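Dear colleague,

I am passing on the structure below, followed by some notes on what was found in it. Please read them with the coordinates open.

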Amino acid sequence: MSREESGRPCVVMLYPGRSAEDEFPALESHLGGVRLPVVHTWEGPTEHSVRALRALGGRDQLAPAAAKARRQHQPDAVVWACTSGSFVYGPDGVREQAQWMASAAEVPASSTSIAFLESLRALGARRVSVAATYPAAVTRHFTDLLASDGVAVCAVTSGDVPSGEDAGLLDPGQVTELVLGGGHPDEAEAVVVPDTALHTIGRIADWEVELGRPVLTANQVSAWHGLRLAGWQGSTPGLGALFANGTGAA
């Protein structure tokens with residue numbers, strides 16, 4: 001159903017595996033008036049290794065999924081909802097991925113990695129701490145991407161979780177410990193939590209109160225940036241500073 005037919009912006013989330021894709025229906029309900037359907041790009045395991053993640057984010061995976069999204073949903077934008085499967089391609093590669101998808105879907109496209117960069121820019125946050133699930137060797141690719149965009153990383157936690165499936169099985173207490181327990185220095189203007197396999201929606205506002213600064217999580221920023229590409233300028237409480245007003249400013 002097109003936007004003209006439904007009256008609601010539609011952003012398709014291209015999602016690998018089966019972990020936390022239920023976050024997108026939750027976001028739909030919270031936001032109201034938007035559509036965030038999921039198209040799965042990969043049905044196998046989502047191992048947290050650079051080799052496996054590069055395979056996950058290859059053109060042979062993303063372009064057919066983006067074309068399927070166009071046929072099934074006639075979206076206004078598409079997002080590769082996978083942080084690690086985008087940042088392992090580096091600063092130039094993440095933009096190239098977006099071009100593959102945009103060409104196949106015939107609409108603007110982004111990825112979670114790009115969405116993190118755009119979200120930090122919207123909030124004016126140029127110094128961050130990172131709470132990641134990945135092994136340190138994978139996390140380093142993410143911090144390198146942030147640095148390439150002028151974002152200083154003040155502190156890093158790497159959880160050494162072996163796969164997206166394992167990350168999706170972390171209970172609420174374990175996720176909160178990852179987000180709050182890393183030791184965030186005063187100079188960090190935001191806390192960044194990559195990995196779209198984590199369940200975070202519904203707890204971001206509480207974490208921001210606890211930490212006293214914005215918290216950006218993978219599915220949150222994926223939806224935000226995709227909706228901005230689709231022309232949506234709404235705001236809503238309960239999803240953190242990023243969604244606090246129509247521009248995304250804190």
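In this predicted model, glutamine 74, which comes just after H4, takes a positive phi of about 45°.

Strand E1 is largely enclosed by the rest of the structure, because six of its six residues are buried. Both of its faces are covered, with Val11, Met13 and Tyr15 buried on one side and Val12, Leu14 and Pro16 buried on the other. E1 runs parallel to E3, to which four bridges join it, and leucine 14 has tryptophan 80 as its bridge partner in E3. E1 also pairs with E2 in the parallel sense, over four bridges, with valine 38 of E2 as the bridge partner of methionine 13. Between E1 and E2 the chain crosses through helix H2 (residues 23–31), and this β-α-β crossover is right-handed.

Leu14 deserves a separate look. Neighbours within four places in sequence aside, leucine 14 is in contact with residues including Leu62, Ala65, Ala66, Ala69, Val79 and Met101. The largest nonpolar core has 83 residues, and those with the most contacts inside it are Leu14, Leu36 and Leu120.

With best wishes

How values were computed
Residues numbered from 1 in each chain as written. Predicted model: local features only at pLDDT ≥ 70, side-chain atom pairs only at ≥ 80, totals over all residues. Heavy atoms only, no water. Helix = DSSP H or I, 4+ residues; strand = E, 2+ residues; numbered from the N terminus. Core = buried A, V, L, I, M, F, W, Y, C linked by side-chain atoms within 4.5 Å. Buried < 20%, exposed > 50% of the residue type's maximum accessible area, 1.4 Å probe, protein only. Contact = heavy atoms within 4.5 Å. Pairing = 2+ DSSP bridges. Right-handed = clockwise from strand over helix to strand, strands pointing away.
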